[in-house]
Amino acid sequence: MRFFGAEAENAPSPLCGGGWPLRQQGSGEGRDGTERRGGLPAGRAIFGSRVPLSRPPSGATLPRRGGRENARLVLSAPSRIHPAGAGILLLLALLLQILPAQAGQLDRATLEKYFPPPLVVGEKDDALPVWPILKQQAGSYEVFAYAFESVDLAPIPGFGGTPPDLLVALAPDGTFRDVRVISQHEPVFLEGLGPEPLFAFVDQYAGLSARQAIRVGRPNARAGGAAPQTTVDGISMATASTRVINQSILASALAVARGKLGFGATNLGLKVEAKPDLYEKLSLSDLLARGWVRRLTVTNAVAAKAFKGTGVEDLADGPPDPVLTDLYVAYLNAPSIGRNLLGPARFDALMRELGPGNHAVMVVSAGPPDAPENPLGDRFVLGSIPDRLTIGQGGLIVTARDMAVERRDTGLAEGLPAGPWTILRIDQAAGFDPSAPWVLTETIVRERGQILSEKITRTFPVETALPADLFTRVKPDEGPSWTDPWRARAPGLGAIALMLAVLVPVLARQRGLVADARRFPAFRLGFLALTLGFIGWFAQAQLSIVTLVGLVRAAATTHDLAFLLYDPPSLVLWAFALAALIVWGRGTFCGWLCPFGALQEFVALLARPLRIRQVAVPPVLDRVLRQAKYVVLAGILVAAAAGSPLADSFSEVEPFKTAITLTFVRSWPFVAYAAGLLVLNLFVYKGFCRYLCPLGASLALLGRVRMLDWIPRRAECGSPCQLCKVRCRYGAIEPSGRIDYPECFQCMDCVTIIHDPGQCVPQVVARKRGRRVVPQQAAA
Amino acid sequence: MSRSGPPHAPRRRVLVAAAGLAGVAGLGGLAAFRTAAASHGLLLRTRAGLAFGTTVALTAAGSDAAAIEAALMDGFAAMRAVEAAASLFRPDSDLSRLNRDGVLDAPDPHLVVLLRFALALAAETAGAFDPTVQPLWPIWAGAATRGGRPDGGTLGDALGRIGWRRVRLEPDRIVLTPGTALTLNALIQGYAADRVIAALRERGIGDAFVDTGEFGASGTHPDGTPWRLGLADPRDPASLAAVIAPFTGFAATSGDYNMSFSDDRADHHIFDPATGYSPDALSSVTVTASSGLLADGLSTACMVLGRELGARLIAGHPGCTVRFTDKIRPDRRRL
C-alpha cells in the first residue's frame, strides 16, 4: 500500500496503491510490464527522442526496423558520397522512422491496459478530455479515478519546446493515484540519464494531494526533512525538465479538479498563516464576544429536538436545561487567541512543536466530565483523530489529530474551564484555510434497542469565522522558480562571463594580440579548448537550433518563453551571440563559442599529420552547397510554425546533441553521423558549418544587421593580392577582396596577416620599395 | 416535487442483478454473465461512464461486437444530448441558460418534452410535483455547509418564488416569471433511460439493460433468462429489499439517501414545494412504468404525496406499480 503519513487512516479505498496492479514502466517490468509498455522497453527507443514511450506493440516495431535499415544505408556514405548529400539522406532516414507524437494519444484499448479489470474505463467525458475510471461494487459503479493526459490540459513546453505527456490518475478526493510517462522529449531523460530516473520521479506523486502546490526539491529533499506532502525529490542535472513535468502534472490536475471535483478554485496551494506578530491582549470574554473563540453548548432540549422521532430522544432524562456537552473551540495560531488562552510560554512551545504551515485548534470541554456524550471524556484516545469531533471546511472534512500535548492546565486563560481539552493539529497538506469559515462538528451517538441495537447519530456544528486581517495569504508556491538554476549555476556563469570578457577586447583590439602571429594562434587554441571542454561538455551550453524551434512554437502556440530562463548558460551565450551579431556578425559565435565548431577545429589539426589534403570544392558547387543550410533552416522553422513534431526530427541534422550534450553516448546511427561530419571536416574544412548548419544559417541571416565592416582592407586586397583569400579556410573572401561576412567565422587569420608586415604582401612589397602603405581602416 | 440540482447527485444504491445471480453481482457474477451469454452465442458488453453527476452503465447484448459498440456509443450520445438540453450540472445547457436569462428561445426539443411532462404532472398532483423548487437548493446547500438549517424567513422568501404556473411554455419559447428557477433533475435520468433504450433499439439491439441513474430494460439477458432488478434497502445498501423479476420497461427510485443535508436524512434533496422542507413520511419510493420519464416523475411525486395519496396517483396510471419504504420502522423492529 502506498500510505502517506497522517493521511493513511483516511485512505479512502482499499484498492488505492497496492490493489492497483500498475507499476511504473521502468521499475516494474514484471508480469505485465512489457504489454503495458507497448513492447518498447524503457529507454530503448532506438532513435531516442521521438518514439512515444507507450505506443502499442504493432506500432513500435515497424519504425524501429525501418529506421535502422535506412540509417545503415547512409552510414557508409561519408567516405564516398558527398557530405551534404549524406546528411540529407540521413535526415530522410530519420524522418522515415519517426512517428509524430500527437497530443492526447491514448485510446480506450491502451487505457484498459493501464487500468485493467476489475477497474473499468468509462466513457470519455465530452466536456473535458478525461476518462472516468470506475470500480464496480455490488452491482453499481464508483469513480476510482479520473484519468487524463497532461498534454490535453496543460501543454507546457519542455526543454526543446515540446510538451511532455503524462498520464495522471486523480482520485475523487483529489489525491494522485498514479502518474505515468506517456511521451517526453527531454534530452536528459532520453539519452543522458535515461528515462528511469524520470519514472521514479513521477512515482513520487502517488498519494500526494492535488490540493497542494507540490514543489520539486533537491535530490533527496524528502529524506533531508522537506515536507513530504508538498515536496518531491528532484533529479540533479534535470532541474528544468523535472520542473516542467511537475508543472504539467499540477496544472492538468488542477484543471480536472476544478472541472470534476468541485474544488481547487480557492484552496489549491494557497498558504494562509496567522500573522505571528499581531497580538492584542484579550480576555476569554473578549474573545467570545468577538466570536474568535466559539462555544458549542448542547442541552438536553437541543439533543431531544435533534433526536426527535428516532425513539431515543428522551434518553437523557430530566429537565431540559442541564447541559450535555459544552465545548469551547479556538484556532490557536493567531497570537491574539492562542497566546491569550495558553500564555506566552506554552504558546511559543506549541508553535515550535507545530511547525510552520500547520494549524492548531483547541477544544475545551466545560460540560459534565462523566457524561457519555462528552467527546473528550474517558473514551478519548490521546494522539488519535477523534471520532466525535471533526473539523470541516467547504463541505469537506479536514484531518485533525490530537497532538497529545501534556495535559496540565497551567497557563490557560482566566475563566477557561478546567475540563479536559485537546489540541488538534491540522497539517498544512490538508489545505485548511483558517481565514475562511470552518466548522467544528460534535457527534453524539445513541443506541436504540436492547438486543439488535442500532446506532443513531446526530451532529452539532459550530462555525468559526475569523477576520481575514489576522492572516497572511500567500499565493500558491510556483515550485522551483527560474532563479534557482541561476543561483545554482552562478560559478559556471561567472566563468563564462570571464571568457567573454577576455574574448571581446582581444577581438576588438586588432593591433594587440591579434596582430601577434605567434601568440594569437596559441590563444585561439586555448580559448577553443575552453569552449569545447567547459562551455560544451561541462556547462552544457551548446546553443542549438532547438531553441529557435522552441521560440517559434512559443510564438505560434504556447506563448510561453519561460523555458529559456531555466538554462542560464545558454541564455547568456544567446544574449552575447546576438549582441556580437550586431557588431561583428555570426562569426563571433560560430568561430569562437560553438563547442562543435571547436571540436571540428581540433579534429582538423589532425589533417596535416595524417597527410590528408583538403578537397577543393568547385566554386559553383560551393555556392550551391552554401545555400543548403538555408533550406534546412527553412524546413525546420516551417515545421515548427506548423506545430509539426517533424521540427524535432529535422533538428537532428545538428550533431550537437550527440557530440556535445551526450558526449557521443547515444545510439550508433547518431554517433556515426556526428563522427562522419568530423571526418568530413578533415577533407572539407568545417563542411557542416558552412553547408548544413541551420543554427549558423539563422545567425548568418540575422547577421545582416551587422554594423561594422570590421576587417581592414587595403587597396591591393583582391587586386592584385590574393593571399588572404587563399588563406581563408572558410572561403569567406571573394577574389575581389570583398569579405563575405555571412560566411566569416572571425578566425582573425586575415586580420593577423594584414597587420603583419612580414606576411601582408603589399606591405612586404612596399618595404622593399622603401615606402609605407597604410591599410584602409575598417569602416565604422 | 422534486430533486433539485447539483452538485453531486450521488450513488444510487440499487443493485443490478441478472437472472440466476441473487443479488451479488461482483466479479464472479460478471464472469458468470459472460459464460452464460457465450453459451448462447451472444455477446454482452457493458460501457460505464459519468452522466447527470453520477455513474451510469449501459449493457447491451447482440451477436455482432461492432454493432454493440456502435450502439453503446449512440447510447452515450443520447445521454449527452439530454444533458446538453436539461442538465443543471452543465452551465451551458439549455436549462441552465433558461434559469440564468429567464427566457429561452427555440428550446431544445428534449427540454420541451421534459418540461411539458413536468407541468402536466404538476397539474395532476396539484403541485406536489413542481419543477420550480430549484430556489430551495442553494438555501439548503448553503445552510448545510454552515452546519445548520435555513431559517424560516429565507425559506419563506424562496417559497414565494415557487409555483409551476410561473412557467410559460410557448410553442417556440419558454418564459419564467422573474425569480423562478427550474430543475428537471427529478425527470432527467428516467427520460435518459427512455432515450438510451430507443437509441439501442435503433441499432437493432433488443436486449439491453441501462442504468442512467434510473433503470430501463428491454428483451432478456443473452442467456435467455429475464433481467432482474434488485432494490437495495435504503438504510442498508448491502442487502436487497426487493427484486423485480422479470424486469422490462422502466423503474425509478426516489429516496432520501441520495443526497442528504443531515446525517439522519431528515433533510434531503427532495422538497415539498408547499413547505420548503423535505417530506418526512417515506424513505424511498420505487415506481415501474412503461417509460422512464413517467416512472421517474411518479416516484418523486409519491415521495412528496406520501403512501396514501401516492398510491392513488399510481392507480390513475394503468401499468404502473409502486413500492413504498417508510422512513422509520422502530415498531416493526421491536416486533
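In the predicted model, helices α19(A) and α23(A) cross in the right-handed sense, a crossing being right-handed if the near helix is turned clockwise from the far one by less than a right angle, and left-handed if anticlockwise. The model is a prediction, in which local features need pLDDT of at least 70 and side-chain atom pairs count only at pLDDT 80 or more, whereas totals for chains, interfaces and linings use all residues. Residues are numbered from 1 along each chain as its sequence is written, and chains are lettered from A and ligands numbered from 1 in the order in which they are written.

Helix α19 spans residues 595–604 of chain A and helix α23 spans residues 668–683; their axes come within 9 Å and cross at roughly 55°. Axes are lines fitted to C-alpha atoms, for helices over the stretch in contact, and angles run from 0 to 180 degrees between N-to-C directions. The angle makes α19(A) oblique to α23(A); angles under 35 degrees count as roughly parallel, over 145 as roughly antiparallel, 65 to 115 as roughly perpendicular and the rest as oblique. Leu599(A), Gln600(A), Val603(A) and Ala604(A) of α19(A) form the contact with Leu678(A), Asn681(A) and Leu682(A) of α23(A), where contact requires C-beta atoms, placed from the backbone, to lie within 7 Å.

Chain A contains 28 helices and 18 strands, taken as DSSP runs numbered from the N terminus (helices H or I, at least four residues; strands E, at least two). Among contacts in chain A between residues at least 6 apart in sequence, 69% join residues at least 24 apart. An unreviewed UniProt entry places the feature "transmembrane region" at residues 490–508, 528–551, 563–583, 628–647 and 667–685 of chain A; such annotations may be inferred rather than shown by experiment. Residues 490–508 of chain A are 100% helix and 0% strand, with end C-alpha atoms 27 Å apart. For residues 528–551 of chain A, the values are 75% helix, 0% strand and 28 Å.

In chain B, helix α2 (residues 65–86) packs against helix α4 (residues 109–124) at about 70°, with axes 8 Å apart. The two helices, α2(B) and α4(B), are therefore roughly perpendicular. Ala81(B), Val82(B), Ala85(B) and Ala86(B) of α2(B) meet His110(B), Leu111(B) and Leu114(B) of α4(B).

Chain B also holds an open sheet of three strands in the order β4-β6-β5, with antiparallel pairing; strands pair if DSSP finds at least two bridges between them. Strands β4 (103–105) and β5 (167–170) of chain B stand at the edges with a single partner strand each, so one side of each lacks a neighbour in the sheet. Four bridges join β5(B) and β6 (residues 173–176) of chain B in the antiparallel sense, and Glu170(B) has Arg173(B) of β6(B) as its bridge partner. Helix α3 (residues 94–101) of chain B lies across β4 and β6, running at about 130° to β4(B).

For "binding site", UniProt (unreviewed entry) lists Ala186(B), Asp296(B) and Thr300(B). They span 115 residues in sequence, yet no two of their C-alpha atoms are more than 6.5 Å apart, so they gather at one spot. Ala186(B) belongs to helix α7 (residues 185–202) of chain B and is buried, with 29 other C-beta atoms within 10 Å. Asp296(B), in helix α8 (residues 292–315) of chain B, is buried with 33 such neighbours inside 10 Å.

Notes: Contact = placed C-beta atoms within 7 Å. Buried ≥ 20, exposed ≤ 12 C-beta atoms within 10 Å, placed from the backbone.
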